[in-house]
Amino acid sequence: MNQKQQKPTLSGQRFKTRKRDEKERFDPTQFQDCIIQGLTETGTDLEAVAKFLDASGAKLDYRRYAETLFDILVAGGMLAPGGTLADDMTRTDVCVFAAQEDLETMQAFAQVFNKLIRRYKYLEKGFEDEVKKLLLFLKGFSESERNKLAMLTGILLANGTLNASILNSLYNENLVKEGVSAAFAVKLFKSWINEKDINAVAVSLRKVNMDNRLMELFPANKQSVEHFSKYFTEAGLKELSEYVRNQQTIGARKELQKELQEQMSRGDPFKDIILYIKEEMKKNNISEQTVVAIIWSSVMSTVEWNKKEELVAEQAIKHLKQYSPLLAAFTTQGQSELTLLLKIQEYCYDNIHFMKAFQKIVVLFYKAEVLSEEPILKWYKDAHLAKGKSVFLEQMKKFVEWLKNAEEESESEAEEGD
């Protein structure tokens, strides 16, 4: 009775940690040996190489050793910092750097990478990181190796295996300073444009905000459209030169419009604004037709327009009368006047409460000597847009008849004077 009752005890089996749950030691050397042995056995048959890589993914840890895998496929072995192959490392000649330096061979290697990454999608990020690294190592490679890598990269950019953001590596200060970036870019863009065209290249660059950065391939003292154009045109890439020139002009136009709107909102004197615009025209090779369109757009965007059709015409006339001297300074050519007429037509059509104001604006500009008879008559006859054509031609009918009569009278007076 007094005997103490024994407390129950827990007992059970102790489990050992499973082998597969233990953290594996990172050992790329063994992985490298397996890949190199397999590549050596396949030889230079790239179809066989692609099949070997496809099958090996089931047995080897591609996810863990992606950098080692891509180092081998590009350079023949694991790369040390700077881009050199260690002397004591095993290497293979079945790689990009040991292949022939021609576009056809690089296209065949591109297929190997395409098939591998399509099969093992998780390698996409690793491959992108690898190419960024390889571009930073360019100085450590021979000229021939750089050329092959450039061609391969261009092809892979064209088929979408790589994203154009990898080009950021080319803006490395040392690569730019020594001219490595620009020389590499020549080969890269040639193979990219060969696979696609300049428009496709432009779309890819624009997606990653790289379309306005290409001049950074040169040192700061050489970052001009003229230098870029000369360098790439001489290298056989005239379409890329023209693309950069156009981008620069577009950028200059946007900057001009922004500055112009700020000057207008500050109420700067017209003589100062005109001087600024003329300097920008000369500096960036902007035509008068382009400038008059920018001025029109800027003038019309500085006002909160009345939504009532019967009041907006009066408001527009008052506002535009104020800016007539500025527009007149940049309608010294018939083509510039016609450009302005088309911009007025387009604006009045796109902003419906301006539909009835078109003729009044044109007459105002005629009286203010912004527009002259000949461009107005040409616009009326055959140079107008289709937008709102019937409405605007009807509005202009009486004024055009008056212009024609005035022209005939002045001609007959001139004849009588003779």
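**Pocket, cavity and cores**

Author: The largest pocket has a volume of about 260 Å³. This is a predicted model: local features need pLDDT of at least 70, side-chain atom pairs count only at pLDDT 80 or more, and totals for chains, interfaces and linings use all residues. Residues are numbered from 1 along each chain as its sequence is written, and side-chain values use heavy atoms, with hydrogens and water left out.

Reader: Which helix gives the most to the lining of that largest pocket?

Author: Helix 11, with six residues. Helix 10 (225-234), helix 11 (238-266) and helix 12 (270-284) each supply at least two. The lining includes Glu 226, Arg 245, Arg 253 and Lys 283. A pocket here is an open set of 1 Å grid points with protein on both sides within 12 Å along at least five of seven lines; lining residues have an atom within 4 Å of a point.

Reader: How does the lining of the largest pocket split by class?

Author: Two nonpolar, six polar and four charged residues.

Reader: How many cavities of 30 Å³ or more?

Author: One. A cavity is a set of points where a 1.4 Å probe fits but cannot get out. Val 74, Phe 127 and Thr 153 are among the residues that line it. That lining has six nonpolar residues, one polar and no charged.

Reader: Switching to packing. Which residues have the most contacts inside the largest nonpolar core?

Author: Phe 189, Trp 192 and Leu 205, in a core of 80 residues. Helix 8 (residues 180-195) brings the largest share, nine residues. Such a core joins buried Ala, Val, Leu, Ile, Met, Phe, Trp, Tyr and Cys residues through side-chain atoms within 4.5 Å. Apart from it lies another core, of 54 residues, including Leu 256 and Phe 354.

Reader: What is Trp 192 in contact with, beyond four places in sequence?

Author: Gly 154, Leu 157, Ala 158, Ala 164, Leu 167, Val 201, Ser 204 and Leu 205. Contact means heavy atoms within 4.5 Å.

Reader: And Ser 165, buried or exposed?

Author: Ser 165 is buried, because its relative accessible area is 19% and buried means under 20% (exposed is over 50%, partly exposed in between; 1.4 Å probe, protein chains only). Ser 165 sits in the loop between helix 6 (143-158) and helix 7 (173-177).

Reader: Where is confidence lowest and highest by helix?

Author: Lowest in helix 18 (residues 389-417), at a mean of 78, and highest in helix 6, at 97. pLDDT is the predictor's confidence in each residue, from 0 to 100. Over residues 19-24 pLDDT stays under 50. Where pLDDT is low, the predicted coordinates should not be read in detail.

Technical notes
Helix = DSSP H or I, 4+ residues; strand = E, 2+ residues; numbered from the N terminus. Points joined across faces, edges and corners; volume = space filled by probe spheres on them. Nonpolar A, V, L, I, M, F, W, Y, C, P; charged D, E, K, R; others polar.
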